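Good morning, everyone, and thank you for making time for this short talk.

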Amino acid sequence: MSEDSDINITSEEEPLPGAKEKENGGAGPWASPESRAAPAEGLCCYICGSPLAPASRHQIHVQKQEKLAQAPFFPFLWLHSPPPGAQPISEGGSTLVCPCCFSSLMQQWQSFELANVPVLQRLYVVPLNSHAPGMASKGRRLPREESPPAGALPEACYLCGEDCTQDARAVASRILNGTPRGSMHFPFLSLLPRPPNARGPNKRCEVRSCPKCFSVLEDVWALYRACHNDELITSVQGFLGRYHQAFSASDPALSEPPASAPGSPASVCYVCGAELGPGKEFQLNVNPSGRLGEKEPFFPFLTVYPPAPRARPADSTGLVATCVLCYHDLLGQWLQHEARGAQHAVSAWSRQYRVETFVCFFCQQEKERCLGLRAVRVARLPLFLYTLRASHSLLVDDGRQLIIGACVECGTLVCAGQGLARQGPLGWSSPAAPAMK
C-alpha cells in the first residue's frame, strides 16, 4: 500500500503471490485465511480500515456477478492489500466496506458507465481514513472524525484536486463583456475534467484554485504577457510545464529513479527492454507458483515470447523481470480474462496477451513496445487521473505520482519540459521554445 491517501485501479505496487517485487512484501487478497482473519473486536472496511458497525456495512463486488449481471464491480480490489481486520474476499468475489468508500465507488462507477469507459481502464480514487493502521496521511483530506458534516464537503482545487476550502482563489477561463481586456484568464481550463468535490464554472466562467496552483497560473500569465504566445494560456501544457518545474525539485516522487550503479550489470524489462533502476524491478511467473496454483497470475506465453535485447531469461523458479508498466499491464489483462466467466473462459495456459504494441498516452499513436516504450513520471493531477484514455494506453498510479507510458519522442519532450508538438488528449501542444525559456 502506498503512503498516500488515495488508491485506484493501478495504485498498488504490492506484488501478488508469484509476482514478487524486490521492494515490498505483504499479504494480498490471496493470503491464507489464518493470516487475514478479522480480529475479535469486529470487522473494518476492506479499503480504508474504518471500523464497521453492523448497521453500516455495505457489500461490494470485485468481479462480475452471474446472478446480478448489472451490479457494479471493482476489479482493482484484487490488487489491494486490505488492512488487518477486513473481511477477506469471498469465493463469490465480495467483501465489506464502509458507507464513505461505498458511496464514493458507486458514484464513480455511474460516471464511468455513462462515459462507456472499459471496466479495466477505470481509475478509482477512494478517500482513506488517515488514522487506519498502516495508512500515513499527507494532509490531502481531513481525518474522518474532523470531516465537515454531510453537505459541507471540503472543496477541491479545479486544477490539482487538493483541498482548497480555506483559501480558494477564483480563476477565469474567458473574458466576459465588461471585464478589463488584460484580465488574467486561461481558456484551457474549459478542457479540464472536473475533480471530485470541485465546483464547476460559475456564471462568470470562473473556477476555484488553491494558492499553489494559483501561483503557477500567475507565473504562466506573466510569461504570456511578456511574449504574447497564445498557446501558453490556451494549451494545458504551459501550466503543466511550470507546475512540474516549480514542484518536482522539492518532491522526490516526481524525480526519475536513480540509474544503476556504475559497473553493475543493468537489469532490463523482459517485455519492453526498458532499463530497470535499483528497486524498480518487478517479477512475473511463467508457471503457476504457490499453493493456490492456477488461481495466481502466471504467463506461460512468456516461454515462447522473444525477450527484449539484454533481458535475462526466466530464472530457475520461473520468474522474469519486468518494468512497472508492463507488470501492471499484464496483471490487468490477466484479470480481464478472469472476469469473463465460465462460459467464455480461456484456459490460463492458452491465453493471448497484447504486449507487442502500446498506445502513447500523449500522441495516441500505436507504437512498438520493445525499445519504444518510455515511462514518464508526472504529478497526480486530475488532468491525468480523470481524462478518458485511449484503449491500450498505459498508466500506473502508485499514490504518490503517475507513471505514464509514452513513445520515445513524446517521452523525451515531456521530460525535457518542452511540451508536445502535436495534438493529443485535451489539446496537448507545444509552446514555442523561446516562450518556455
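Let me begin with a question: is histidine 392 buried, partly exposed or exposed? With a relative accessibility of 37%, histidine 392 counts as partly exposed, because the partly exposed class lies between the buried class, which is under 20%, and the exposed class, which is over 50%. Please keep in mind throughout that what we are looking at is a predicted model.

Histidine 392 sits in the loop between α7 and β12, and its phi is positive, at about 75°, although the residue is not a glycine. Histidine 228 is another residue other than glycine with a positive phi, in this case near 55°, and you will find histidine 228 in the loop between α3 and α4, the latter being residues 231-234. With a relative accessible area of 54%, histidine 228 is exposed.

Let me now turn to helix α6, which covers residues 324-338. This helix has 15 residues, and the distance from its first C-alpha to its last is 21 Å, close to the 21 Å expected at 1.5 Å a residue. Among the buried ones are Val324, Leu325, Tyr327, Trp334 and His337. And what covers them? The covering elements include the strands β7 (282-285), β8 (319-322), β11 (373-378), β12 (395-397) and β13 (402-407).

Histidine 337 is in α6, and it counts as buried because its relative accessibility is 10%. If we leave aside its neighbours within four places in sequence, histidine 337 is in contact with Arg351, Gln352 and Tyr353. A polar atom of the histidine 337 side chain lies 3.2 Å from the backbone oxygen of glutamine 352. The other residue is tryptophan 334, one of the buried residues of α6, and over the face of tryptophan 334 lies arginine 351, at 4.7 Å from the ring centre.

How many aromatic pairs does a search of the whole structure find? The search finds 17 aromatic pairs. One of them joins phenylalanine 73 and tryptophan 109 in a tilted arrangement, with 5.5 Å from centre to centre and 55° between the planes. Phenylalanine 73 lies in the loop between β1 (58-61) and β2 (94-97), while tryptophan 109 lies in helix α2 (residues 99-114), so this pair ties together parts that are 36 residues apart in sequence. Phenylalanine 73 is buried at a relative accessible area of 8%, and tryptophan 109 also counts as buried, at 6%.

Elsewhere, ring pairs link Phe186, Phe188, Trp221, Tyr224, Phe239, Tyr243 and Phe247 into a cluster. Phenylalanine 247, a member of that cluster, has lysine 212 over its face, at 5.0 Å from the ring centre.

My last topic is charge. The structure holds 10 salt bridges, and I would like to walk you through three of them.

Glutamate 155 lies in the loop between α2 and β3 (169-172), and arginine 199 in the loop between β3 and β4 (206-209), so the bridge ties together parts that are 44 residues apart in sequence. Glutamate 155 counts as buried at 8% relative accessibility, whereas arginine 199 counts as partly exposed at 48%.

Another bridge joins aspartate 219 and arginine 242, with the closest N and O atoms 2.9 Å apart. This pair links distant parts of the chain, since aspartate 219 is in helix α3 (residues 211-227) and arginine 242 in helix α5 (residues 236-247), 23 residues apart. Both partners are partly exposed, aspartate 219 with a relative accessible area of 36% and arginine 242 at 26%.

In the remaining bridge of my selection, the side chains of aspartate 397 and arginine 380 meet at 2.7 Å, N to O. Aspartate 397 lies in strand β12 and arginine 380 in the loop between β11 and α7 (382-385), so the pair ties together parts that are 17 residues apart in sequence. Here aspartate 397 and arginine 380 are both buried. Finally, salt bridges that share partners join Glu155, Arg199 and Arg208 into one network.

How values were computed
Residues are numbered from 1 along each chain as its sequence is written. This is a predicted model: local features need pLDDT of at least 70, side-chain atom pairs count only at pLDDT 80 or more; totals for chains, interfaces and linings use all residues. Side-chain values use heavy atoms; hydrogens and water are left out. Helices (H or I, at least four residues) and strands (E, at least two) are DSSP runs, numbered from the N terminus. Buried means under 20% relative accessible area, exposed over 50%, partly exposed in between (1.4 Å probe, protein chains only). A polar contact is a pair of N or O atoms within 3.5 Å; within protein, one must be able to donate a hydrogen and the other to accept it, and residues adjacent in sequence count only if both atoms are side-chain atoms. Contact means heavy atoms within 4.5 Å. Rings of Phe, Tyr and Trp (its six-membered ring) pair if their centres lie within 6.5 Å; planes under 30 degrees apart count as stacked, over 60 as edge-to-face and the rest as tilted. A charge sits over a ring if NZ of Lys or CZ of Arg is within 6 Å of the ring centre and within 35 degrees of the ring normal. The expected span of a helix is 1.5 Å times one less than its number of residues. A salt bridge is a side-chain nitrogen of Lys or Arg within 4 Å of a carboxyl oxygen of Asp or Glu.
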